[in-house]
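Please open the model in a viewer and keep the sequence panel at hand.

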Amino acid sequence: NAQVRFVPNVGQWPDHALHRADAIGGSVQLERTGWTCWQWAPETDAAGDHHVGARKGILWQAEWIDANPDHADHWVRSGLASDRQHFYLSDDPLHWAEHVQAATMLRTEDLWPGVQLRWRGTRQGRAAFEFTVEPGADPADIGWRHHGAHPTQGPQGELQLHHALHDEEAGFSAKLSAPFAFQWNESGTIDEVECAYRIEGGDIR
């Protein structure tokens with residue numbers, strides 16, 4: 001079971017980190033302005049110039065464009081874990097955290113007017129995000145900007161993220177799945193809505 005879970009920051013990490021999740025091949029950190037992704041390289045032995053146990057990898061970030069910064073004050077958590085985690089990451093007890101409960105899903109309203117953001121962890125070891133757009137809201141408001149990775153459109157509509165240290169042959173790469181949009185109809189079934197990523201420099205819409 002590789003269920004991804006989001007751990008809240010209750011003092012164990014710097015203030016800008018709101019939640020963290022370990023996924024296959026890396027980690028995701030949710031922040032007020034977007035998210036940060038760490039990817040571990042296929043060779044993850046301790047590096048010679050780092051402390052024992054360090055892992056080699058890369059970091060890239062995504063920043064929400066013109067988003068409401070207050071959304072991060074109102075996360076609703078669900079799929080709460082039955083276990084608890086404890087963090088003793090320094091000699092300072094002020095940064096210790098005990099009995100921390102993770103969640104498999106996070107939701108926040110009005111990232112943009114009428115747009116809900118939902119992060120969820122999958123049992124396939126991945127973290128995914130989704131948007132719900134209320135009637136009358138504009139999906140064109142949704143957008144983010146990449147830092148540290150260059151986005152291009154993939155052949156199947158996916159978003160490929162390129163970093164100088166990525167190695168496709170070694171399976172060390174990054175991508176976001178092609179978007180899928182739908183709306184509910186009166187019969188209770190869904191109608192698919194055509195959508196695609198639009199890349200403008202490093203901006204994604």
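Predicted model: local features only at pLDDT ≥ 70, side-chain atom pairs only at ≥ 80, totals over all residues.

Two strands are said to pair if DSSP finds at least two bridges between them.

**Stop 1**

Select β3 and β4, which pair in the antiparallel sense over six bridges. Within this pairing, Gly 26 has Gln 39 of β4 as its bridge partner. Now widen the selection to the sheet with the strand order β1-β2-β3-β4-β5-β12-β19-β18. This is an open sheet of eight strands, and its pairing is antiparallel. Which strands stand at the edges? They are β1 (7-8) and β18 (199-200); each has a single partner strand, so one side of each is left without a neighbour in the sheet.

**Stop 2: the second largest pocket**

Next, select Trp 13, Arg 20, Asp 22, Ser 27 and Phe 87. Of the 14 residues that line the second largest pocket, these lie nearest its centre. The volume of this pocket is about 360 Å³. Colour β2 (17-23), β4 (34-40) and β7 (85-88) to see strands that each supply at least two residues of the lining. Which of the strands gives the most to the lining of the second largest pocket? It is β2, with three residues.

**Stop 3: the cavity**

Rolling a probe the size of a water molecule over the atoms shows where empty space is left. In the whole structure, a search finds one cavity of 30 Å³ or more. The space in this largest cavity amounts to about 30 Å³. To display its lining, select Leu 30, Glu 31, Gly 34, Trp 64, His 71, Trp 75, Leu 117 and Trp 119. Two strands, β3 (26-31) and β10 (115-121), each contribute at least two residues to this lining. By class, the lining of the largest cavity comprises five nonpolar residues, two polar residues and one charged residue.

**Stop 4: aromatic rings**

Show the side chains of the aromatic residues. A pair of aromatic rings is described by the distance of the centres and the angle of the planes. A search of the whole structure finds 18 aromatic pairs. One of them is formed by Trp 35 and Phe 129: the ring centres are 5.0 Å apart and the planes stand at 50°, so the pair is tilted. This pair links distant parts of the chain, with Trp 35 in strand β4 and Phe 129 in strand β11 (residues 127-133), 94 residues apart. Are these two residues, Trp 35 and Phe 129, buried or exposed? Both are buried.

For another arrangement, select Phe 182 and Trp 184, an aromatic pair that is edge-to-face, with 6.0 Å centre to centre and 85° between the planes. Phe 182 has 40% relative accessibility and therefore counts as partly exposed. Trp 184 has a relative accessible area of 62% and is exposed.

Then select Phe 6, Trp 35, Trp 64, Trp 112, Trp 119, Phe 129, Phe 131, Trp 144 and Tyr 197, which form one aromatic cluster.

**Stop 5: a loop with side-chain contacts**

Move to Ser 187, in the loop between β16 (181-184) and β17 (190-193). Ser 187 is exposed, with a relative accessible area of 59%. Which side chains does it contact? Its side chain makes a polar contact of 2.6 Å with that of Asn 185, and another of 2.9 Å with that of Thr 189.

**Stop 6: positive phi angles**

Although Asp 66 is not a glycine, it has a positive phi of about 55°. Asp 66 is found in the loop between β5 (57-64) and β6 (76-80). With 68% relative accessibility, Asp 66 counts as exposed. His 99, likewise not a glycine, has a positive phi of about 60°. His 99 lies in strand β8 (residues 96-100). At 55% relative accessibility, which is over the 50% cut-off, His 99 counts as exposed.

Note on methods:
Residues numbered from 1 in each chain as written. Heavy atoms only, no water. 1 Å grid on protein atoms, 1.4 Å probe; cavity = no way out; pocket = protein on both sides within 12 Å on 5 of 7 lines; lining within 4 Å. Points joined across faces, edges and corners; volume = space filled by probe spheres on them. Helix = DSSP H or I, 4+ residues; strand = E, 2+ residues; numbered from the N terminus. Nonpolar A, V, L, I, M, F, W, Y, C, P; charged D, E, K, R; others polar. Phe/Tyr/Trp six-rings, centres within 6.5 Å; stacked < 30°, edge-to-face > 60°. Buried < 20%, exposed > 50% of the residue type's maximum accessible area, 1.4 Å probe, protein only. Polar contact = N/O pair within 3.5 Å; in protein donor to acceptor, adjacent residues only side chain to side chain.
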